[in-house]
Amino acid sequence: MFTGIVEDLGEVEAVEHLGDSARIHVRSAVVTADTRPGDSIAVNGVCLTVTVLLAEPPSSDRNAFPPRGFVADVMGETLKRSSLAAIAPGTKVNLERSVRLEDRLGGHLVQGHVDDTAAILHRAPHEHWEVVRIGLPPGLARYVAHKGSIAVDGISLTVSAIGGDWFEVSLIPETLNRTTLGIKEPGETVNLEVDVIAKYVEKLLGGAQ
């Protein structure tokens, strides 16, 4: 479980394509500070399991800590449902370690299970913030509400406006500086995860089969 508060803007160092799966190498000393193999890290909102910690190059202090990054496997189902299928070396990614019970819930409950992907439609800069319009897949529209929560590339955001096939989020400078939404352009793809509470409400009311 995650909160949607991005801890670091990491970088993909390598991608190994393994048939219907892939293995990615991600550089970030921040999220590996207290991480062990088997721990969960959200990569652009996708919950992945750390399989290997990457040590610093041999030319540096071999006892240096924390490791420079980690390796994670991405299964075929995840590649089909998320933007990780198109990830490449040099790609910037949002990273967040799984939440601990004693942590503050600064965003909202995020599972790291991507529901769908969508394209950025438009960016509108303002003096101290920026409004980003994102496509809204038909199957997710019923779960998205004005002033409600949604995770975009793993970032917990509040819906500031909504239309039939789009929604908007308003981004403060901190979000623009620390996440991929500060650099992604119209036409690029983002991962979407709707608020899990909305899904449970629908299920309890008998609206989902």
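Author: Strand 3 (residues 40-43) and strand 4 (residues 46-54) are paired in the antiparallel sense over four bridges. This is a predicted model, in which local features need pLDDT of at least 70, side-chain atom pairs count only at pLDDT 80 or more, and totals for chains, interfaces and linings use all residues. Residues are numbered from 1 along each chain as its sequence is written, and side-chain values use heavy atoms, with hydrogens and water left out. Strands (E, at least two residues) and helices (H or I, at least four) are DSSP runs numbered from the N terminus, and two strands pair if DSSP finds at least two bridges between them.

Reader: Which residue in strand 4 stands opposite Val43?

Author: Strand 3 and strand 4 run antiparallel and share four bridges. The residue of strand 4 that stands opposite Val43 is Val46.

Reader: Is Asn44 buried or exposed?

Author: Asn44 is placed in the loop between strand 3 and strand 4. Its phi is near 50 degrees, a positive value in a residue other than glycine. Buried means under 20% relative accessible area and exposed over 50%, with partly exposed in between (1.4 Å probe, protein chains only). Because its relative accessibility is 3%, Asn44 counts as buried.

Reader: Which residue in the turn between strand 1 and strand 2 has a positive phi?

Author: Strand 1 and strand 2 (residues 21-27) pair antiparallel over seven bridges, and Ala14 stands opposite His25 in strand 2. The two strands form a hairpin with two residues between them. The turn residue with a positive phi, of about 70 degrees, is Gly19.

Reader: How many Å away from Asp8 is the nearest side chain of opposite charge?

Author: Lys and Arg count as positive and Asp and Glu as negative, while His and the chain ends are not counted; a salt bridge is a side-chain nitrogen of Lys or Arg within 4 Å of a carboxyl oxygen of Asp or Glu. Asp8 is buried yet has no salt bridge. The nearest side chain of opposite charge is that of Arg178, at 6.2 Å.

Reader: With which side chain does the side chain of Asp8 make a polar contact?

Author: A polar contact is a pair of N or O atoms within 3.5 Å; within protein, one must be able to donate a hydrogen and the other to accept it, and residues adjacent in sequence count only if both atoms are side-chain atoms. Contact in general means heavy atoms within 4.5 Å. Leaving aside neighbours within four places in sequence, Asp8 is in contact with residues including Val30, Val93 and Asn94. The polar contact of its side chain, at 2.6 Å, is with the side chain of Ser28.

Reader: Why does Asp153 count as buried?

Author: Strand 9 (residues 149-152) and strand 10 (residues 155-162) pair antiparallel over four bridges, and they form a hairpin with two residues between them. Asp153 lies in the loop between these strands, and its phi, near 55 degrees, is positive in a residue other than glycine. Asp153 counts as buried because its relative accessibility is 0%.

Reader: What is the bridge partner of Ile162 in strand 11?

Author: Strand 10 and strand 11 (residues 166-171) run antiparallel and are joined by three bridges. A hairpin of three residues connects them. In strand 11, the partner of Ile162 is Phe167.
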